[in-house]
Amino acid sequence: MDIRPSHRAQLVKVSPTLAITAKAAELRAAGQNILNLAAGEPDFDTPAHVKLAAIEAINRGFTKYTAVDGTPELRAAIVEKFARENNLEFEPRQILVSCGCKHSIYNLMQALLNEGDEVIIPAPYWVSYPDMTWLAGADPVIIKTHIDHQFKITPEQLRGAISSKSRLFIMNSPSNPTGACYSATELRALGAILAEHPEIVIASDDIYEHILWRGHDFKNILNACPELGDRVVVLNGVSKAYAMTGWRIGYAAGPPEIIAAMKKIQSQSTSNPTSIAQVAATAALTGDQSLLQQQCEIFRERHEFVVDALNNIDGVKAMRSDGTFYSFPDMSQIIENRNDIDNDVELAELLLERAAVAVVPGSAFGAPGCMRVSYATSMAILEQALGQIAAVLNS
Ligand code: PLP
């Protein structure tokens, strides 16, 4: 039988990180101690009270279907979270709980986009945005940024990217992979351009909001530009803030018509997210929040160490980020100077083979020449890994 994948499946590109991941697995299997600076999730355990809530849910038999858009308790907790932490007012019908923030973004694109529509995505971007755009039949329009501009787009760049086909603009602040976070002033300047284009929906991916150490509170584009409220969809989840990546709970909040369309799509695909994980997420959002600050402080200390260590390597330029657990150094000078490599993927392979450290090449994020270095790992591993990277690159 001649089995051919659908056109849709063929649209999704193979991730440039796969080669590195496969190579790292091969080296590990051969007994090598590969240090992992490629992780996209916190190295902390899920808080004990959250795990306990899930165990109790299982024991009392809370193991059946729930409402498609999430339990009333979780949606109420999300409404309360937005009011408490973000100063945003939503009604429960404006909330859709999904299987991770990734699923929320997928639902949004499926609910919104048609063939030929354009999605404006600032680069470096989170790896899934372009592929999800293609899967929805639309085309990504990438705005390139530079480390010398903190990897942030300017209002002029945004204006230049808008066309009659623009349907969605996606912002991720603080950003994976750069760690850059837009200020309210910067968001207002972008919002002024978007105000002229009422046909564009704005997605604000706030998944890293709690891993932020810059001197002021987190603000998203809806805080900065409340007048855009009828077309901003806020996307978030418990994965990064509460070390709950495996529980798969994310959520979207936005205009009722958009949320209803997303809910309809979810109802014919996954239905509700896992009942037990919803109880756990409710416990995370309503329980003790002091751990958020403690974890953030640990990431900040690691960030200081990693950025200094990277900048001490000849030819590496690392920016001080505002948050997240990633540094995104520009290593193009090194690639240019060495004659044994031609690009960032080959540099990542070299670091894997010679320094025994796994990092993710920037081209996966639409920024060739850079490298994503995750510090979601212990200081001891970071010290060892950065020492080994420096030894190879300075030799
Ligand atoms: N958005 C960004 C920017 C991310 O980095 C991630 C995960 O890596 C997600 C969304 C998806 O998060 P979740 O685990 O909730 O699906």
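A residue counts as near a molecule if one of its heavy atoms lies within 4 Å of it. In this predicted model, 13 residues surround the ligand. The ligand sits in the largest pocket, and the structure also holds ten aromatic pairs.

**Ligand shell**

- Cys101, Asn176, Asp205, Lys240 and Arg248 are the closest of the residues that surround the ligand.
- Sorted by class, the shell comprises five nonpolar residues, four polar residues and four charged residues.

- The side chain of Arg248 places an N or O atom 2.7 Å from an oxygen atom of the ligand.
- For Asn176, a polar side-chain atom is found 2.8 Å from an oxygen atom of the ligand.
- Lys102 contributes through its backbone, where a polar atom is 2.9 Å from an oxygen atom of the ligand.
- On its own the ligand has 400 Å² of accessible area, and the protein covers 92% of this area.

**Aromatic pairs**

- Among the ten aromatic pairs of the structure is the one formed by Phe44 and Phe299, which is tilted, with 5.2 Å from centre to centre and 55 degrees between the planes.
- Phe44 belongs to the loop between strand 1 (35-36) and helix 3 (48-59), whereas Phe299 belongs to helix 12 (residues 290-311).
- Because of these two locations, the pair ties together parts that are 255 residues apart in sequence.

Methods. Residues are numbered from 1 along each chain as its sequence is written. This is a predicted model: local features need pLDDT of at least 70, side-chain atom pairs count only at pLDDT 80 or more; totals for chains, interfaces and linings use all residues. Side-chain values use heavy atoms; hydrogens and water are left out. A polar contact is a pair of N or O atoms within 3.5 Å; within protein, one must be able to donate a hydrogen and the other to accept it, and residues adjacent in sequence count only if both atoms are side-chain atoms. Accessible areas come from the Shrake-Rupley method with a 1.4 Å probe; for residues, only the protein chains shown count as cover. On a 1 Å grid over the protein atoms alone, a cavity is a set of points where a 1.4 Å probe fits but cannot get out, and a pocket is an open set with protein on both sides within 12 Å along at least five of seven lines; lining residues have an atom within 4 Å of a point. A molecule sits in a cavity or pocket if more than half of its atoms lie within 2 Å of its grid points. Ala, Val, Leu, Ile, Met, Phe, Trp, Tyr, Cys and Pro count as nonpolar, Asp, Glu, Lys and Arg as charged, and the others, Gly among them, as polar. Rings of Phe, Tyr and Trp (its six-membered ring) pair if their centres lie within 6.5 Å; planes under 30 degrees apart count as stacked, over 60 as edge-to-face and the rest as tilted. Helices (H or I, at least four residues) and strands (E, at least two) are DSSP runs, numbered from the N terminus.
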